Amino acid sequence: MLDLSDILDARERVRRTARHTPLEYSHTYSAMTGAEIHLKLENFQRTGAFKIRGATNRIATLSEGEKDKGVVTASAGNHAQGVALAATRVGVDSKIVMPEHAPNAKVRATRNYGADVVLHGADYDEAAERAHEIEREEDRTYVHAFDDEYVMAGQGTIGLEILEDCPDVDTVVVPIGGGGLISGIAAAVKGENPDVRVIGVQAEGASSAAPSLEKGELIELDGVETIADGIATRTVGETTFEHIREYVDEIVTVSDAQIAVAMVYLLERSKTMVEGAGAVPLAATIFEEFAYDDGEVIVPLLSGGNVDMNTLTTVVVRGLVEMGRYLKVRTVLKDRPGSLEDLLAIVSAHRANIYSIHHDRTSRDIEMSDTEVELELEMRGHDHIEAFLEDLRGEGYEVEVLV
């Protein structure tokens, strides 16, 4: 088991490469929750995520012979970049296996940091199988993404920074994928102050930690499905599982919809871009997935900011839908002058902003005397949407909500 001394040792190795990232008080989320919210902005870390810490600590402990043979690992993206940069900085050759559908931005960044990237498998676990094959074939050292005590200790340096910058913290909220991040942070926090609560958060579509704790043994999911690709693992590690059992107070889950809302809030209100995995702690906090008191000092860890731009577009729209700020509807009008004007008069009366209109006379689903209209609208919340739809239907329009 890790103890505080392991993490203090790691800090000396890590500080030459990793940044001490900001911790900032948020008026927005404090007002929203009634708690005192301080955001740990690890998305400002080198490589855009916390993984550089653990990778640096592990590579610093390699023997000279191991360094000469090089390293290999598997990663959905952030660990890949961390290992690539940490290895390149000390002249070690690195080979990274990433899932075939890993975000393009993370693949490009990993290559730019100097690694040889191999794309293999549908998810992290299949990529890891191929990486272990390369480990045996090329006699490289495998740098595990989470189930390695040196990696865990490196991630734990975040916990030391949180306590230094916010000594009165009551609760630290941390994402869980394989468990290396929360294991290191929890060991550091509990080693310094056992009274600080540590909450772990998983995405609903990749939630193995809580059922593993309930059963008392590791549970492996058949598959994972979540926008939080950085924590999309089928199971936590054997070593991290023991640390989670020892140090973590509670584990909760959040939906992809909640994650999307948190990402939109961070973009709009905090002016910071955070990936899905990094947004889960804030999502759990603002949606009150764990209990806390008014005035409680809470630090959600925003663990990374590496978002694929195509994914971000989808997530923003989904977040706006969940917040009642985007609406897409379809209705059918009589194909005669003035029909569209009558419909738009209702839109105008409700002061909805039109993104786009699609007017189609050729659909096979309507009568030849009709025309189909799709509207994409900017709205002001769920109450606004309900009032608008009620008015449309009251005027005789049959409305289908598409999004």
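The model is predicted. The chain has 403 residues, of which 57% are buried, and its secondary structure comprises 16 helices and 14 strands. Along the principal axes, the C-alpha trace extends over about 80 × 50 × 40 Å. The structure contains 30 salt bridges, and several acidic residues form a patch of negative charge on the surface.

**Strands in parallel pairing**

- Strand S10 covers residues 297–302, and six of its six residues are buried, so the rest of the structure largely encloses this strand.
- Strand S2 (residues 36–41) runs parallel to S10, and the two are joined by four bridges.
- Across from Glu36 stands Val297 of S10.
- S10 also pairs with S7, again in the parallel sense, through three bridges.
- In this second pairing, Val172 is placed opposite Val299 of S10.
- Strand S7 (residues 171–175) is itself mostly covered, with five of its five residues buried.
- Burial applies to both faces of S7, with Thr171, Val173 and Pro175 on one side and Val172 and Val174 on the other.
- S7 has a further parallel partner in strand S8 (residues 197–203), with five bridges between them.
- Within that pairing, Val173 faces Ile199 of S8.
- S7 is therefore paired with both S8 and S10, and the S10 strand is largely enclosed because six of its six residues are buried.

**The antiparallel sheet**

- Four strands make up an open sheet with antiparallel pairing, arranged in the order S12-S13-S11-S14.
- Its edges are formed by strand S12 (353–360) and strand S14 (400–401), each of which pairs on one side only.
- The antiparallel strands S12 and S13 (residues 370–378) are connected by seven bridges.
- One of the residue pairs here is Ile357 with Leu375, the latter in S13.

**Salt bridges around Arg140**

- Side chains of opposite charge can pair when their charged atoms come close.
- Asp93 and Arg140 form a salt bridge in which the closest N and O atoms are 2.6 Å apart.
- Asp93 belongs to the loop between helix H5 (78–89) and strand S4 (94–98), and Arg140 to the loop between helix H7 (124–138) and strand S6 (141–142), so this contact ties together parts that are 47 residues apart in sequence.
- Glu138 counts as partly exposed, at 32% relative accessibility.
- Asp93, Glu138 and Arg140 belong, together with Lys95 and Asp116, to a network of salt bridges.

**The Glu268–Arg325 salt bridge**

- Glu268 and Arg325 form a salt bridge whose closest N and O atoms lie 2.6 Å apart.
- This pair links distant parts of the chain, 57 residues apart: Glu268 is in helix H12 (residues 256–268), and Arg325 is in the loop between helix H14 (309–322) and strand S11 (326–334).
- Glu268 is partly exposed at 33% relative accessibility, and Arg325 is likewise partly exposed, with a relative accessible area of 23%.

**Negative surface patch**

- Asp383, Glu386, Glu390, Asp391 and Glu395 gather in the patch of negative charge on the surface.
- Of these residues, Asp383 is located in helix H16 (residues 382–394).
- Asp383 has a relative accessible area of 67% and is therefore classed as exposed, since that class requires a value over 50%.

Technical notes. Residues numbered from 1 in each chain as written. Predicted model: local features only at pLDDT ≥ 70, side-chain atom pairs only at ≥ 80, totals over all residues. Heavy atoms only, no water. Patch = residues over 30% accessible without salt bridge, like charges linked within 9 Å, V, L, I, M, F, W, Y side chains within 5 Å. Areas by Shrake-Rupley, 256 points an atom, 1.4 Å probe, with all protein chains shown as cover. Salt bridge = Lys/Arg side-chain N within 4 Å of Asp/Glu carboxyl O. Lys, Arg positive; Asp, Glu negative; His and termini not counted. Charge placed at Lys NZ, Arg CZ, Asp CG, Glu CD. Buried < 20%, exposed > 50% of the residue type's maximum accessible area, 1.4 Å probe, protein only. Pairing = 2+ DSSP bridges.
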